[in-house]
Amino acid sequence: MAENNIEFTSVVDGDVEEVPNKKIIKFNPPLYKQRYQFVKKLVEQHQPKKVADLGCGDVCLLMILKYQKCIEELVGVDINEGRLKWNGSRLSPCMGDHLDPRELDLVITLYHGSVLEKDCRLLGFDLVACIELIEHFDSEDLAKFPEVVFGYMSPAMIVISTPNSDFNSLFPSAVFRDSDHKFEWSRMQFQTWALDVANHYGYSVEFTGVGEPPAGAEDVGCCTQIGVFRKKAKATESAVLEHHGEHVYEVIYTTSYPSLQQMDYCRRVVTYLVYREVNRMKQRCQVSLRQHELEPESADPGNPTRKFISDPPVPVLTEADKAMEMIPQPFCIGDKFYVPLERIIAYPRLGHICGNVEKLREFLFDVVELNCDGSAVKVDLHDCGDY
Amino acid sequence: MSGRARARARGMALSPSAAEVGRIQASPLPLSVALSDSEASSSSDHVGTSRISQKFEGDLSSGDAGCTFKERVGKIRREMMDLSVCTREKLAHVRDCKRGSSGIPVKLVTNLFNLDLPQDWQLYQYHVTYSPDIESRRLRIALLYSHTELSNKAKAFDGVILFLSQKLEEKVMELSSETRRGEAVKMTITLTRELPASSPVCMQVFSIIFKRILKKLSMYQIGRNFYKPSEPVEIPQHKLSLWPGFAISVSHFESRLLFGADVSYKILRNETVLEFMMDLCHKTGMSCFTQACEKQLIGLIVITRYNNKTYRIDDIDWSVKPTHTFQKWDGTEITYVDYYKQQYDITLSDLNQPVLVSLLKSKRNADAEVRMAHLIPELCFLTGLPGQATSDFQLMKAVAEETRLSPLGRQQRVARLADDIQRNKDARFELETWGLHFGCQMSLTGRVVPSENIIIQDHICQPVSAADWSKDMRTCKILSAQSLNKWLVICSNRAERVTESFLNCLRRVGRPIGFNVNHPKIIKVQENPAAFLHAIQKYVDPEVQLVMCILPSNQKSYYDSIKKYLSSDCPVPSQCVLAQTLNKQGMLMSIATKIALQMTCKLGGELWALEIPLKSLMVVGIDVCKDAFNQGMVVVGFVASINPRITRWFSRCMLQRTTADVADCLKVFMIGALNRWYKHNHGLPGRIIVYRDGVGDGQLRTLIEYEVPQLLSSVKEASSSTSPRLSVVVVRKKCMPRFLMETGRTLQNPPLGTIVDSGATRPEWYDFYLISRVACRGTLNPTYYNVIYDDNGLKPDHMQRLTFKLCHLYYNWPGLISVPAPCQYAHKLTFLVAQSTHKEPSLELANSLFYL
């Protein structure tokens, strides 16, 4: 089934390399994937927070982008309601997202609507992708398009891809790559249009492409041509935040990911991390206690067996541990083991999430037992809960 | 075991898709999540399309025998298969009424909800072909779904079979569509069947509908149940998360379609497999780390970080590291590290970790090659509890406290689910398009049958508490007991003192109940299993009646080696006691009483009896248990009463391959039991009632077609004139319905002896529910009884009450139990063999309850 899916995805995307019977040029990885990879790289480079995919179709690009940690809002717009409906749930958080939440919130929304209509919910985006979209417009729609995307949405960055008809000379048949294509532009045509639009709306544009031509035919350029548009002037904040306007699009699907920005998830993760660190420190303490009891037996020296996982945390002093020499140490009173909160927060991840001891204490309140002045976590030194 | 799993895995290492990761990459998430949930239940292989299409010839069949559907659709859910087995119509005496009459009526609330359908509701099954043929299931589905003709209709489609709730205008409909590549595709949709709402096929479609609905309520399917990770119960000190959820079912009960929901929890370990490994490594040390790791992890189910799949860990490959490469579907090589970075933006922190190996079995095609998936420990979360955790008292207590729900709490959960379904816009829409209406929670009337009297040697007693007559037992003489004259006690040197005081106590408690205990020979040995076994081998002679071992620890090898030797090699009843138990201050008297009673039974004694109105009745219990040692083996246990009073038992047990039919050994067992009865009673029993436990989903037909005839033929062979009359009752401890009793404003567990034989039962079966236990906390589960064969022609009321009586006769517990005693005996026997001895016990012990 998996194998079929690949084919299916590419077929639906109308990829050139799949032209039946006449597979002369084959891209590896497939061209549609190269296009998505291109967008993904842009995201990695520019770290946008809000990203929209216009003409998102089967939501494949969104599926890739949802793993990007920087994105907090992901929107897909498509005219085909049915496809959004069946594909929506592919974007829902997976079980792992609940067990190990993202750092930042992520909301994914799919809208049913035309890219040529203005909807204020698409204002203020950092990146808008129009992958293999414009060639499906007739001339009338094409004329409206820049005004909506560049003029109205006016995101910080726009990426537009479209077939490069110069490349078509390498294909055996002389038809468009997809029956729904209204046109296929040469590089010259695309660039003229793009520069014109960019100038009009105050954007700069760079041209590139994916799908390298075969050796000997370099002059036709890449199979897919891409324009990356960047807004010259920073948007005035007020304009961006004006979100009153019409809601034209219909929400087909929306989902919100668990994240550390949400109090309950954050508290959970902090609690687990605290328990983990405290237990590790406790184990270390138990080991040293045991070593005191049965002297000279030192920890087993240089292990002859191959290391199957990286060193267990206990015997190795990491940089972080060394830095912690300065910080209050865990201690025992009777059969209780105490770890000062200051010590806990010195662990990078906990420090990163909580920021300061007060915040940490707040998180642990009512969940973990603290000592009387609330400065240290208190657990039993010897528990039978381990197995 | 791990060694074998590994060999299995290694053997398959050469299969083409050596690494699952490549496969995942190919399909980031199955498209089917939303659009064709049908695949999960009625998954049909599209490879077989052409074959299927030839079979149809366009004609319309409206009947629906389960087996033909099975052929067509491939895999039908197993419990659905049971529903097509109609047993009641063959039982003349219950055809009109299967309800009992005695007892006091009681009003009960169920966890079932009415699902209403229009009266003339039908499901239309279509067959879809494509021209030119398209192999990709996803493309087939996408093409069909995007067609305007069908876009607004309620539908379920798996690529071949389409279900609609509304009939299309024509029987054969041709639609043309175009792939985005511009290829014209002709789809031919042919009506194959019209199904009434009561058809098992419809139940399957309803399940699919509810599966979709629960997904819309943000629940995730794990196994068959649905869980809500957004509202976890946390037990951080044990690194556990419990996800609340539901087991659901849609089914036809008596006259109506009902949706059932029961609360379920999924246990998740809040740490990755890598963290688990690191902890373990620290605890065990490097030297035995790999073994310990395999022992703990193999067989567990993991959830991956990046998709919604669950995998079983079949092996750990220590030779592969994340920096190694694997082949992607397109033939390119990539390292695991790069792959996860590229695909999911995940950076692996530990480059020395091994990979987990999971063998993937194709759901669609059982013969397909088994493929392997490599999983990175750092990206896997453990579900369930590792074996050792279940013996961690603190942990289990914490889990039980969180998961145990009061009757009221349970009701509130279920009611909330119903509410969510009714409030959610998408869910409501889904139901409406199918013509379903989610109705109210069902109440019904049960009956509470009177409690039973217990017969002890000198009198009949009405226990103070029907659920537990241990107090009543303490001073009463039991029915019969052999005195213990020659016996051995083996203990370690350390346990000598406690053993002495225990033996004194044993003699003291034995006297009033009529069990005479002589002084044993005490043998002191070293604290190791071999020493115990050696002492037994040395000192046991044919005159020894019983061997008692005071075990220094609950290390399994003590118990297993002793039991194995004494139940098969040298058959002598044995009693193992933990030294630790004897140290419990202030408890010694009650412990000694319990042990004394157990020893009496092992020597062939009888403790108590019940008034059994039927004279000359033999009751039989059968259970099946998987061998813990050997995956391909099951243990079949058979226990039959050999006196009319139902106080003495004969047992047989056999290990056999899982593939073999249980029926095969039943004939031998039954004949053995009848012979034994004959010897004791100089005649054959007039009636036999067999309680069959350990029946899995989908096995009902096998039971009727093979097991019942085997039992019948052995009964017939036993006598040339009038052979005993036979009844066979299937016992199930797990069932969907729950019953709660309304008392004032709150809800309680129903009282002991509550019987439900209407509303939540099946029209096609002679079945009933019985509550034969009490619970001070938590919610009770009823036990479900299905009489699949009945020559005895007992009135339903008598059958029900007899079953209730039999729940009183388990000698290991002076009280009521959840199943009839013969079932519990059979269970105990199979458990002993499956867990400890792995060997058939000697026939010499067949007349005693040596397995208690």
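Buried here means under 20% relative accessible area, exposed means over 50%, and partly exposed lies in between, with a 1.4 Å probe and protein chains only. This is a predicted model, where local features need pLDDT of at least 70, side-chain atom pairs count only at pLDDT 80 or more, and totals for chains, interfaces and linings use all residues. Residues are numbered from 1 along each chain as its sequence is written, chains are lettered from A and ligands numbered from 1 in the order in which they are written, and side-chain values use heavy atoms, with hydrogens and water left out.

A salt bridge is a side-chain nitrogen of Lys or Arg within 4 Å of a carboxyl oxygen of Asp or Glu. Over all chains the count is 52.

Take B:Arg447 and B:Asp797, whose side chains form a salt bridge at 3.5 Å, N to O. B:Arg447 sits in strand 20 and B:Asp797 in helix 25 of chain B, so the bridge ties together parts 350 residues apart in sequence. Helices (H or I, at least four residues) and strands (E, at least two) are DSSP runs, numbered from the N terminus. Both B:Arg447 and B:Asp797 are buried.

Next, B:Asp697 and B:Arg732 are bridged, with the closest N and O atoms 3.3 Å apart. B:Asp697 is partly exposed at 26%, and B:Arg732 is partly exposed at 22%.

Last, B:Thr272 is in strand 11 of chain B. Its relative accessibility is 12%, so B:Thr272 counts as buried.
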